[in-house]
Amino acid sequence: HLYPANLLAEQAKRVKNKSVLVHDNNDDGIGTVLKSAGIEAQPFNSLGDLQLKQPDIILIGENQLNENGIGQDILRSRADEGASIMIFAQQKPQILSQWKLHPRNLPAKKETLTWRENHPLFNSLDPTALDAWAREAASELKPLALPPDAPVLELAYWSRETPGTTPIPIDALVATETAGRGRIVYWQIPTRSWKSDPRSQILLANALDYLLTRPEPTLPQ
């Protein structure tokens, strides 16, 4: 497959008058891709730097949150006040926002995840390709362990073992949660390379579009 070099061209127009903050100290991380696309994003080095800021969009790069969870409450307070936040795959913390993380593999090829494939976050990314993407990092998967009453919309998750409609605990790799006037999106699939993997850039384009929409309530199962 061939992909154009300007996968984020339309998003650059849409976020032109928006405040975008990025926390990513990785080489060739999100900030590098945004800059190449002509998107002005202000970097910040720690969650404490958000104390006096109220941006429209906050992007947290992979493995930028520490294991003790210090500062994560600031992210939720920014969401409560109207920011849209996307947190990419984190391996260090035991808790992400208020949800526990725990390792889980995809041991058998016949065991697939359930994808809400019509969600805008998955535009141009079909379930087969997304499943393959998750399998590339099977040993590093740390889904959100959501209790049955969690007011979170699971977008990619392990299917239930037994049929039925009774709410059950859910392990979600991708989820979105409305918090106050904003939202938090969780993406626990490692993205590998932002610069050379077009899937990562397609995801980032989808994420920017989605983060610009008005949040809808996320209800328990």
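Mentor: With the salt bridges, of which there are eight. A salt bridge here is a side-chain nitrogen of Lys or Arg within 4 Å of a carboxyl oxygen of Asp or Glu. The model is predicted, so local features need pLDDT of at least 70 and side-chain atom pairs count only at pLDDT 80 or more, while totals for chains, interfaces and linings use all residues. Residues are numbered from 1 along each chain as its sequence is written, and side-chain values use heavy atoms, with hydrogens and water left out.

Trainee: Which residue meets Arg14 in a salt bridge?

Mentor: Side chains of opposite charge can pair when their charged atoms come close. Here the partner of Arg14 is Asp209, at 2.8 Å from N to O. Arg14 belongs to helix α1 (residues 9-14) and Asp209 to helix α5, 195 residues apart. Helices (H or I, at least four residues) and strands (E, at least two) are DSSP runs, numbered from the N terminus.

Trainee: Is Glu177 buried or exposed?

Mentor: Buried means under 20% relative accessible area, exposed over 50%, and partly exposed in between (1.4 Å probe, protein chains only). Glu177 has 3%, so the residue is buried. Its salt-bridge partner is Arg76, with the closest N and O atoms 3.0 Å apart. Arg76 is in helix α3 (residues 72-80) and Glu177 in strand β10, so the pair ties together parts 101 residues apart in sequence.

Trainee: How much space lies in the largest pocket?

Mentor: Rolling a probe the size of a water molecule over the atoms shows where empty space is left. On a 1 Å grid over the protein atoms alone, a pocket is an open set of points where a 1.4 Å probe fits, with protein on both sides within 12 Å along at least five of seven lines; lining residues have an atom within 4 Å of a point. A volume is the space filled by probe spheres set on the points, which are joined across faces, edges and corners. For the largest pocket this gives about 350 Å³. Its lining has 17 residues, with Trp158, Ser159, Arg160, Glu161 and Ile168 nearest the centre. Strand β9 gives the most to this lining, three residues.

Trainee: What is the volume of the second largest pocket?

Mentor: About 280 Å³. Among its 16 lining residues, Ala5, Val33, Ser36, Lys195 and Gln201 lie nearest the centre.
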